[in-house]
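Subject: Structure handover

Hello,

Here is the structure I promised to pass on. Please open it first, then read my notes below.

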Amino acid sequence: AVEELPTFSLNLYNANANSGYSNIAVRMDEFLGEGNQSEMDVEKAFVNLSGTPELYIIAYDSKYSRVDYFSTEQPIPLGVRLKEPMNVRFEKAWFRGFTEATLFDKLTGKEYDLLNRTYTTETLQAGDIEGRFFLNLSDNEIYVPDDEEEEGDDTPTSVEENTEDTNS
């Protein structure tokens, strides 16, 4: 059986109309190699519909609907294309293998947990909005090389941390 790679899919809706949406997908592929572009990346095909916001990933000097990344260390820049001013809603479509997915809004300075709730903006102006929204993802299989472990830490890494007080 082939192990499925960590994947996150995000939808963008017109928050006022609840009709029509745009989608992006991000996949983590540790075998890709740092700085390499995947053959599976898909450039965005824009739909010319008024009232429907378009969501895309800014990567490799272009606009994409699907991108494979080598690591989750850097925030993923997102773009929004609008034909007319509107409120938009970011909503998780589905995910696999990620423990955290947050949307950072650089304009407001706020971060939103996309695994547990949606994020609706105030009115955005028409045009391409780039440099404002960033997707941050964390997967559950983060490798820590031996030389970065703290000295004297003999705690097994395969056991989940239990923060409950058992001395009641």
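Which residues is leucine 78 in contact with, leaving aside its neighbours within four places in sequence? The list is Leu10, Ile24, Leu55, Tyr56, Ile57, Ile58, Leu103, Ile129, Glu130, Gly131, Phe133 and Leu135. Contact here means heavy atoms within 4.5 Å.

Two notes on the source. This is a predicted model, in which local features need pLDDT of at least 70 and side-chain atom pairs count only at pLDDT 80 or more, while totals for chains, interfaces and linings use all residues. Residues are numbered from 1 along each chain as its sequence is written, and side-chain values use heavy atoms, with hydrogens and water left out.

Now the overall picture. The protein chain has 0 helices and 11 strands. Both come from DSSP runs, numbered from the N terminus (helices: H or I, at least four residues; strands: E, at least two). Of its 168 residues, 37% count as buried. Buried means under 20% relative accessible area, exposed over 50%, and partly exposed in between (1.4 Å probe, protein chains only). Among contacts with a separation of 6 or more, 68% are between residues 24 or more positions apart.

Next, the core. The largest nonpolar core holds 31 residues, and Ile57, Leu78 and Phe90 touch the most other members. Strands that give two or more residues to this core include E1 (7–14), E4 (54–59), E6 (76–82) and E11 (127–139). A nonpolar core is a set of buried Ala, Val, Leu, Ile, Met, Phe, Trp, Tyr and Cys residues joined through side-chain atoms within 4.5 Å.

Look at E6 in particular. Because 5 of its 7 residues are buried, E6 is largely enclosed by the rest of the structure. E4 and E6 run antiparallel, joined by 4 bridges. E6 and E11 also run antiparallel, with 7 bridges. Strands pair if DSSP finds at least two bridges between them. Valine 80 in E6 stands opposite leucine 55. Valine 80 also stands opposite isoleucine 129 in E11.

Last, a loop residue. Serine 38 sits between E2 and strand E3 (42–43). Is serine 38 buried or exposed? Serine 38 is buried, at a relative accessible area of 11%. Its side chain makes a polar contact of 3.0 Å with that of aspartate 68. Such a contact is a pair of N or O atoms within 3.5 Å; within protein, one must be able to donate a hydrogen and the other to accept it, and residues adjacent in sequence count only if both atoms are side-chain atoms. Not counting residues up to four places away in sequence, serine 38 touches Leu32 and Asp68.

Best wishes
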